[in-house]
Amino acid sequence: MNDEWISILMQLRERREPCILLTLLADKGSVPRNCGTKMIVGPKQNFLTIGGGHLEFQCIAMAREMLEKQATAPHTEHFNLGARLGQCCGGMTTVLFEPLIQPQPHIMVFGAGHVGQALVALLSTLPCHITWVDERPDMFVAAPKGVTTLQAEDPLDAVKSAPEQSYFIVMTHHHPRDLELTEAILKRGDYRYLGLIGSQTKRQRFEYRLSGKGITVEQLCTLRCPVGLPDVKGKLPAEIAVAIAAEIIAVYQAAS
């Protein structure tokens, strides 16, 4: 049997991309592909084929719906390859749908100072996608493997391009920049998590300024500042990083 699907799955796992593996389990009569044929469906790309036509089109749609709903359980579907499905084969086939790689959180970290470095080093060991943003040169010398670094002239562009349901952590070296980023993220409104480093006093100052920019009380309630689990105390970069990472883990585990 062609094992190309195995290497494709390994590549997708390396890139941490979710996918559904389709396998033809049974066939009867005239069918476009034999039992055991496989196809891989991702959110935007497909790999290999189970025969094309309306059967494949319908299976891709079903797989994408599973990805959108973040389904975890495999299931089978039976198809009659007749006129009703738009096929002229006339046979029957059964397709197994297996979710093999689950969607992983996309985390945007703004700021590559001491706390940012400690946090990214910790987050890089978790099943997530990380984009690390800082406008200063030479800040990503020791970026962990698998972390996407972005030296942006305007970090606000990274806010605009972030995927929906992203996790945002704002901890730059400049309070006015923190305020700009926080405002932009709050106005997006489609984030899963928004954490801002700082004290309760900083939060109060930001709330006053943000409310003057049209941010509602309801939006401000979604802002986590001071950021991190309050039970994890300490002022060392590593201690702050542990508190933030623990809070992020709690949020994405609750979401799943």
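Predicted model: local features only at pLDDT ≥ 70, side-chain atom pairs only at ≥ 80, totals over all residues.
**Exercise 1. In which strand is the place of Val 41, and is Val 41 buried or exposed?**

Residues are numbered from 1 along each chain as its sequence is written, and side-chain values use heavy atoms, with hydrogens and water left out.

Step 1. Val 41 belongs to strand 2 (residues 38–41), where strands (E, at least two residues) and helices (H or I, at least four) are DSSP runs numbered from the N terminus.

Step 2. With a relative accessible area of 0%, Val 41 is buried, since buried means under 20% relative accessible area, exposed over 50% and partly exposed in between (1.4 Å probe, protein chains only).

Step 3. Leaving out residues up to four places away in sequence, Val 41 touches Cys 19, Ile 20, Leu 22, Asn 46, Ile 60, Ala 63, Arg 64 and Leu 67, contact being defined as heavy atoms within 4.5 Å. Ala 63 is 22 residues from Val 41 in sequence, yet the C-alpha to C-alpha separation of the two is 6.6 Å.

**Exercise 2. Identify the residues with the most contacts inside the largest nonpolar core, and the elements that supply this core.**

Step 1. A nonpolar core is a set of buried Ala, Val, Leu, Ile, Met, Phe, Trp, Tyr and Cys residues joined through side-chain atoms within 4.5 Å. The largest one has 25 residues, and those with the most contacts inside it are Val 109, Leu 119, Leu 123, Ile 169, Ile 244 and Ile 248.

Step 2. At least two residues of this core come from each of strand 6 (106–110), helix 3 (114–123), strand 7 (129–134), strand 9 (167–170) and helix 8 (237–255), and helix 8 gives the largest share, seven residues.

Step 3. Beyond its neighbours within four places in sequence, Leu 123 is in contact with Ile 107, Val 109, Cys 128, Ile 130, Ala 245 and Ile 248. Another core, of 22 residues, lies apart from the largest one and includes Ala 152, Val 170, Ile 185 and Tyr 191.

**Exercise 3. Which residues line the largest cavity?**

Step 1. On a 1 Å grid over the protein atoms alone, a cavity is a set of points where a 1.4 Å probe fits but cannot get out, and lining residues have an atom within 4 Å of a point.

Step 2. The structure holds one cavity of 30 Å³ or more, and about 40 Å³ of space lies in the largest cavity, a volume being the space filled by probe spheres set on the points, which are joined across faces, edges and corners.

Step 3. The lining consists of Phe 110, Gly 111, Val 133, Asp 134, Glu 135, Pro 155, Thr 172 and His 173.

Key. 1 Å grid on protein atoms, 1.4 Å probe; cavity = no way out; pocket = protein on both sides within 12 Å on 5 of 7 lines; lining within 4 Å.
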